[in-house]
Every structure is written in C-alpha cells, then in structure tokens.
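I opened my notebook to look at how side chains pack in this protein.

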Amino acid sequence: MSNNNWKKLGVFAFLDTGPPFTNQKYYPTLLMLHGLSVTAEFFKHFLPLAKVVGARIILINRRGYPGSDPFSDQDHAIIASATHDTPETSENADLFMKARTKELYDFLCEIVKSEDLPTNSIILAGWSLGAAFMTAFLAYAPSFEADDIELSRYIRRVIAYDPPSIAMGYPAPDGYYYLSEGKDDDMKSYYTHGETLETLSRTALDDPRPTILAMSAEDIELAFYVPPSLPDGVDMLLLRNGLKSGLFERLRMSAVFVPDGTEDGWCNVEFRYFWCDRSLWQMPWGIWSFNAEIESAKELDKQVRRHSIVRMSGANHCGHWDEPERTLKLLVSDA
C-alpha cells in the first residue's frame, strides 16, 4: 500500500479525498470498486482530480485485497463448492454474493452516517469484474434493512464501468471463448471494433500501446495483486462459477428489470452502463447484448429500471489510467 492515507471501515480498506470544498452542503461522492487482480491504486489518478470535478472520491479495496479483510475458510469453501454440479451450486453462488453485498451495504450506511453525506449524492461504480458487484447491489440491497437509515435515499446512481460480458452474464458469441489465454485476452491493450459481430476484433493493436507499458515498476507493484486471480483464488472462483451457475445472469436480470407494481425507493436508483469502445471484445459484445435485451423488453412491455448508457470513444479498458480526467467526468456527470 503506497501511503499512510488508507483508512479502514468494516471489512474494507479505502482511500478518501474528503469533501471537495469546505462548507459545501451538496457534492457527489464516487465510490469505486476495482476488478480482478488489481487494487484501488489502479484508480489513483482520480484522487488529485476530486476538486476539478467537484466530487468526493472513495477508492475501495475489496475483500481479499491488501488492507481489507481476507476471506475466511468458510467463505472460500462456499464459492469453491459452486464448481460442483450439485443442487447447491446456484444456491452457494448466490449466498456468497449476497454476503459480499451486505458488507458493501453496511459500509455505505456507516459512511453516510459518519461523514454526513447528502441525500441523492452517492455514485457507486464497479470496474470490470467489479460490475458484478453493482448488479448484485441492485439485486440484493432492497432485501436489507438498516434501523436508522434509508440507504436508497442516498444512492444517486450505480454504474457498471466497462464490464466484460462474462460479468454481466451474457454468453459468448460463437467462436469466442471466456477465460482463454493469449493476446486476445489482454485487457490492457487497445482494439479497433466495428459495429457487428463480423467486425469484432480479437487482435490487440501495437499503437496505441498497451496501458501497462506506460506504468512504472512501482505503479505495477501497487496496482496489481495476483493472489485472487490464481486458479484457487476467490475472484477466479467467482468468475468461473458465476458463469457456470448462472449467477451473473440472475444478478443482471434482478438489477435491470423491476417487478411489476414495485414502488420502493430502490426502483428509482439509476443504473448506468458505461463502456469503452476500444476495449477487449467482451466489452462491445456486452453492450450490444444489453441493448438487444432492452429492446426486447420494450416489445414485451417489461418494466425496465431507469438506466443510461455512456460510450467512451477511443478509450480502452483502462481509461481511468490513460485518460483519468475525461473518465472521471463521465462517471460523475448526470449528462
């Protein structure tokens, strides 16, 4: 961990810029969750820009990452058991993710109370695999209760930031494979895609160069953390089992589609799908799948959560590193 500014609340270690200006009654607070095998340090370029965009920024290390609580043997056993073809597979995957959502829910409640955050001010964003924690939040949060706070009144928006289609539960198109190895899976490179499956590229470009080549050795050491992505690491187990058990699909469906007649405060929370059009093939495939799903829902007269779509043109999967100010403005903007 790079400095002494890390704080700890509940199970999470986090970095916090504090309010952007003194004596300001309202300001947005962006809370960022990282993805697979990276830490909150991967978003550190956001921190000095907090006052530029007039927002408070809180970067969170998820469970199992430096400074945050490790997973218990029981937690690990629950998600590992989801690899087996048993009736409990789906139930255990749901149980694991619901527990992670409750931890995040409790963290947000405590932040709201301890920092006196304004209502309708929290923008909760999850990058890459972190997007699955966003759909989980919208799916499970309405089932939680806090004695002294109505958390939905404080959540302005939940953002899936450049989610890979696997984390959204969309099956891969014919001829494409999840969790394969090779240059076609390099999420730090740039790609050029068309607007159709036939023009969806799996060949990384040499120019612009991959983001990692612009990072120093110290940056890489702080921003990347391998253990959760090892074959028996919790994130890798979640990634594999979330697809196999149908967890990611169930979370997306629960987050995006609102049951008829539901009128609680959580239904008013906006879901934003934020994608970068020069990312790995999974990202354009994900938004195409999402768009098709929304259009189909309209035809079937299904009730869809209020949502928005943001396309970051020319950016790869690491826009927060290569173009932090533009990325941050898109994340916190209402436009």
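**Entry 1: rings.** I started with a cluster. Ring pairs join Phe42, Phe43, Phe46, Trp127, Phe224 and Trp321. I kept in mind that this model is predicted. Then I looked up the total: the structure has 17 aromatic pairs.

**Entry 2: one pair up close.** How are the rings of Tyr178 and Trp281 arranged? Their centres are 5.8 Å apart and their planes meet at 10°. Planes under 30 degrees apart count as stacked, so this pair is stacked. Next I checked where the two residues sit. Tyr178 is in the loop between strand E6 (155-161) and helix H5 (217-223). Trp281 is in the loop between strand E7 (270-276) and helix H8 (282-299). The pair therefore ties together parts that are 103 residues apart in sequence. Buried or exposed? I looked up Tyr178 and Trp281 for this. Both Tyr178 and Trp281 are buried.

**Entry 3: charges over rings.** I found Arg100 over the face of Phe96, 4.6 Å from the ring centre. I also found Lys302 over the face of Phe257, at 4.1 Å from the ring centre.

**Entry 4: cores.** I turned to the largest nonpolar core, which has 75 residues. Which members touch the most others? They are Ile60, Met97, Leu108, Leu124, Phe137, Leu151 and Ile155. Helix H3 (residues 88-115) gives the most to this core, 10 residues. Leaving out residues up to four places away in sequence, Leu108 touches Leu31, Leu124, Phe137, Leu151 and Ile155. Last, I noted a second, separate core of 34 residues. Val38, Phe274, Val310 and Ala315 are among its members.

Note on methods. Residues numbered from 1 in each chain as written. Predicted model: local features only at pLDDT ≥ 70, side-chain atom pairs only at ≥ 80, totals over all residues. Heavy atoms only, no water. Core = buried A, V, L, I, M, F, W, Y, C linked by side-chain atoms within 4.5 Å. Buried < 20%, exposed > 50% of the residue type's maximum accessible area, 1.4 Å probe, protein only. Helix = DSSP H or I, 4+ residues; strand = E, 2+ residues; numbered from the N terminus. Contact = heavy atoms within 4.5 Å. Phe/Tyr/Trp six-rings, centres within 6.5 Å; stacked < 30°, edge-to-face > 60°. Lys NZ or Arg CZ within 6 Å of the ring centre and 35° of its normal.
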